Amino acid sequence: MARPGAACQPPARRVMVAARALLFWALVYSYCGVCACIAGLRLLWSIGRRPGETFRWVMRENPPACLNDPSLGTHCYVRIKDSGLRFHYVAAGERGKPLMLLLHGFPEFWYSWRHQLREFKSEYRVVALDLRGYGETDAPSHKENYKLDFLITDIKDILESLGYNKCVLIGHDWGGMIAWLVAICYPEMVTKLIVVNFPHPSVFTEYILRHPSQLIKSGYYFFFQMPWFPEFMFTVNDFKVLKSLFTSQTTGIGRKGCRLTAEDIEAYLYVFSQPGALTGPINHYRNIFSCLPLQHHEVIMPTLLLWGERDAFMEVEMAEITRIYVKNHFRLTILSEASHWLQQDQPDIVNKLIWTFLKEDTTRKRE
């Protein structure tokens, strides 16, 4: 559908818009090719060094005990009437308490919020969701089913299915992207917004096009546009890439962080080693460029943005720029020794900052 007023634009303006769109998509597909070539070279290097290990993929048949730890809450399911999808979540805290809804990032699932499930259940009904396509939540087969519009509507429908009309909404990484958009589209449903290591979507889309360094850090967005190959690369060397994301010196939890235990790693391997388990999560990214560039949108509820300065995927400058889009109380806290996986990396500090934000009076406008 054409945008209102598009037909009234002068020819020069239409040519400029078309040229910008052409350049944008040329950039997308060119960088996709570059990322694919780099991944292919890494694969050939692995085959040359350890051909037997390269194609080893062990499917974990039994979940580690930590995934059924009763202190984390109860495993529950809800089926959404309109979409027909069944969502899995873990809930802690008594029914009837204010709702705190937690949205994970990639490649994560509900378990990334284990420290928050234990912490906030005293005063909230804490719900850590498996997003569409993740874990035990249904995974539609077509990538078109993972457009941002559907992901945003999922959160609205889940909130209503749980018997609530508002919540404290917390999102990390890709879940942070969804949280920003839910807050923009359904502001009446979000009392307070907390985002971890993801800027306002408009900041991200503008910054990435102007800063080559962020474009390089976001290379996986482009690589994921390819069919099947990204999923395959995750399985190489028995999910070496997945393990490395959380444990390596460049992308993993830092020296002063709360490192993942061997059992924590096995929890991730159990979920993502299941047949087809990576396609749904990666499909989230395969639709993002069809939704860009996003229009500028204002956030009108009190907002807390937490950021690990050692984030290997997101430049910290985007955090401060986000301030201009929040037309209410806005608090930004940057933790200098923390990684991208902030709520797992520094759980005690993160939980304390969230408590402070939840209990303070944010009725005044931002300074």
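A residue is called buried when its relative accessible area is under 20%, exposed when over 50%, and partly exposed in between, using a 1.4 Å probe and protein chains only. By that criterion, buried residues make up 55% of the 367 residues in the chain. This is a predicted model, in which local features need pLDDT of at least 70 and side-chain atom pairs count only at pLDDT 80 or more, while totals for chains, interfaces and linings use all residues. Residues are numbered from 1 along each chain as its sequence is written, and side-chain values use heavy atoms, with hydrogens and water left out.

**Domains**
- The domain assignment, which is automatic or from a database, gives domain 1 (14-55) and domain 2 (65-208 + 245-359).
- The centres of domain 1 and domain 2, taken over C-alpha atoms, are separated by 27 Å.

**Helix α4**
- Helices (H or I, at least four residues) and strands (E, at least two) are DSSP runs numbered from the N terminus, and the chain has 14 helices and 8 strands.
- The buried residues of α4 include Leu148, Leu151, Ile152 and Ile155, and their cover includes β2 (86-92), β3 (99-103), β4 (125-129), β5 (167-172), α5 (174-185) and α11 (279-285).
- After α4 comes glycine 163, whose phi is positive, near 90°.

**Glutamine 116**
- Glutamine 116 lies in helix α3 (residues 114-120) and is buried, with a relative accessible area of 0%.
- Leaving aside residues up to four places away in sequence, glutamine 116 is in contact (heavy atoms within 4.5 Å) with Leu102, Val126, Gln343, Pro347, Val350 and Asn351.
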